[in-house]
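Visitor: I am new to this structure. Could you walk me through it, one question at a time?

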Amino acid sequence: MPSIPDPESPAIVWFRRDLRLCDNLALLAAVRTGRPVVCIYIREPSDEFAGALGAAQACWLHHSLHALDQSLAQSGNRLLLRTGNPLATITELTTLTGAASVFWNRRYDADGVRTDTAVKAALTERGIEAKSFTGFLMHEPLRLLTGQNRRYQVYTPFWRAFEAQVRIQDDLLVPSSMAPPENLPGSESLTCWNLLPSNPNWARGFEVHWQPGEAGAQARLDAFAEDSIDRYRNGRDYPADMSTSRLSPHLAMGEISPHRVWNATSAVFNERTAEDVVQFRRQLVWREFSWHLLFHCPDMATANLNSRFDSFAWRGDSDNLSAWQRGMTGYPIVDAGMRELWQTGWMHNRVRMVAASFLIKHLLIDWRQGERWFRNTLLDADQANNAASWQWVAGSGADAAPFFRIFNPIKQGETFDPSGTYVKRYCPELAGLPDRYVHRPFDAPDAVLTDAGVVLGHNYPKPLVSHPFARQRALAAYRATAQ
Ligand code: FAD
């Protein structure tokens, strides 16, 4: 029989990618003990619990931890920051505070699962209650399985099973009080973690676009539900349109729960919005699917899901990689996307697909190089979504795009950015071009280029590679892999 804890022995909440007070089952469990609550965030030795923390996301993490600490302060508590091995850190904290319980929301990457399993076993052995909850995802990858008890490999059956079997948790409020113990230990200083860039401060532009933290996430969700969900289905592929939710950095850091996002769409569901809501939910469930894959295929960020790709003849071209990273490929839609990423820390989904396809298929550069660049520069860098999406575009992943689908960057631009609004926003040197040439400046007559002030190879690059040549080269390389 477990002993009844002393009413003064605290319950510890170990925050990870769940930096919020609402809809936080681990926090709620701690508050419901009626005992003092200790809140901790541990900076783990690997620098991250879910893969190396990229530079852009480190910056977001700084603001998000600050926001969480401020919210806790309003409830009379605070966030302790610690660096170290989680097992040693939690063990030390339970000893220092006399805590009788430790609660956390589950994570699903291999390192995280291994660590949490070890922590749970060690605490239990010492008679300390250790409990984990669902908070980062809506489904549990171990429980939602096919009829043969296997992982899902294809999205549509996963979506059907998700719809039929997953119960979406109701919204949970912020607990009204969560007093700390009297002997709350000291915290490390967030500033000393040096998560922010300083010299130069390349993240300055991010502040215009984003408000990290739970309040920013909720404001983003409210704005999306009020203003743009009813144009999601038709607008989501148009990068100039801003009709997607832009919740991804908040979801990646757990500042808002996916349940809450889903429930907000129920509140606006009606005859007029039904198709938009379903489309949006399908995207939200792609996130679940990606994590389902990562849980069952832990090395998805580094190894091809389809091992046939292990022998793919990638080209190790560092000049082309660098041109792609800097938005200097000579294809405006790709360049606009890569510059949007650099300036705002985010890129529209349609353009992510085109830019990724360009790197992989036009330049024949290994998808892992792109995955790494995105992980370092995206504010929403998400180990599962990023790897699954890169493998999807490469054709090496689950439910992958067929290899003969090679996005034509000119046609993609003309279809989804017909008047070049998006391109002109991020490639201002092309702003003077007439619409018909904005996605193909290399086809414009000299007089048109001169009028627009564009000098190819001088103030805007010539294409790194011609589309017809690149297409044939990619098809040949893919055929060799497929056979
Ligand atoms: P919305 O359209 O409003 O969708 C709502 C939420 O659903 C998103 O916030 C996201 O959490 C989820 N979602 C949407 N599309 C996808 C998708 N295709 N796969 C998985 N989840 C999805 N998304 C990330 O969150 N992190 C990444 O690191 C990431 N890397 C990507 C890399 C490539 C090459 C590609 C093609 C896509 C990547 N995505 C990634 C998926 C997608 O581009 C973003 O989730 C989306 O653009 C975020 O914008 P939003 O919040 O406005 O999306």
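Visitor: Where does the ligand sit?
Guide: Keep in mind that this is a predicted model. Pockets are open sets of points found over the protein atoms alone. The ligand has its place in one of them, the largest pocket.

Visitor: Which residues come nearest to the ligand?
Guide: There are 27 residues around the ligand. Those that come nearest are Tyr232, Thr244, Ser245, Arg246 and Asn349.

Visitor: How many Å separate an oxygen atom of the ligand from an N or O atom in the side chain of Tyr232?
Guide: A polar backbone atom of Leu247 is 3.1 Å from a ligand oxygen. A backbone N or O atom of Arg287 lies 3.4 Å from a ligand nitrogen. For the side chain of Tyr232 and a ligand oxygen, the distance is 2.5 Å.

Visitor: What share of the ligand's exposed area does the protein bury?
Guide: Start with the ligand taken alone, which exposes 820 Å².

Visitor: Which strands do the buried residues of α1 pack against?
Guide: Helix α1 covers residues 25–32. The buried residues are Ala26, Leu27, Leu28, Ala29 and Ala30. They pack against β1 (11–15), β2 (37–43), β4 (101–105) and β5 (129–133).

Visitor: Which residue's side-chain oxygen reaches the backbone nitrogen of Ala26?
Guide: Look at the start of α1. There a side-chain oxygen comes to within 3.3 Å of that nitrogen. The oxygen belongs to Asn24.

Visitor: Which residue with a positive phi follows α1?
Guide: Look just past the helix. The phi there is positive, near 80°. The residue is Gly34.

Visitor: Is Asp23 buried or exposed?
Guide: Asp23 is in the loop between β1 and α1. Most residues other than glycine have a negative phi. Asp23 is not a glycine, yet has a positive phi of about 50°. Its relative accessible area is 2%, so Asp23 counts as buried.

Visitor: What is the relative accessible area of Met242?
Guide: Met242 is in the loop between α8 (232–235) and α9. Met242 is not a glycine either, and its phi is positive, about 55°. Met242 is partly exposed, with a relative accessible area of 43%.

Visitor: Why does Asn320 count as buried?
Guide: Asn320 is part of helix α12 (residues 318–325). Beyond four places in sequence, Asn320 touches Leu363, Ile365 and Leu464. Buried means under 20% relative accessible area. Asn320 counts as buried because its value is 14%.

Visitor: How many Å separate the C-alpha atoms of Leu184 and Pro36?
Guide: Leu184 lies in the loop between α5 (155–165) and α6 (206–209). Along the chain, Leu184 and Pro36 are 148 residues apart. Their C-alpha atoms are separated by 9.8 Å.

Visitor: Which residues is Leu184 in contact with, leaving aside its neighbours within four places in sequence?
Guide: Leu184 counts as partly exposed, at 22% relative accessibility. With those neighbours set aside, the contacts of Leu184 are Val38, Arg78 and Leu80.

How values were computed
Residues numbered from 1 in each chain as written. Predicted model: local features only at pLDDT ≥ 70, side-chain atom pairs only at ≥ 80, totals over all residues. Heavy atoms only, no water. Helix = DSSP H or I, 4+ residues; strand = E, 2+ residues; numbered from the N terminus. Buried < 20%, exposed > 50% of the residue type's maximum accessible area, 1.4 Å probe, protein only. Contact = heavy atoms within 4.5 Å. Near = heavy atom within 4 Å. Polar contact = N/O pair within 3.5 Å; in protein donor to acceptor, adjacent residues only side chain to side chain. Areas by Shrake-Rupley, 256 points an atom, 1.4 Å probe, with all protein chains shown as cover. 1 Å grid on protein atoms, 1.4 Å probe; cavity = no way out; pocket = protein on both sides within 12 Å on 5 of 7 lines; lining within 4 Å. Sits in = over half its atoms within 2 Å of the grid points.
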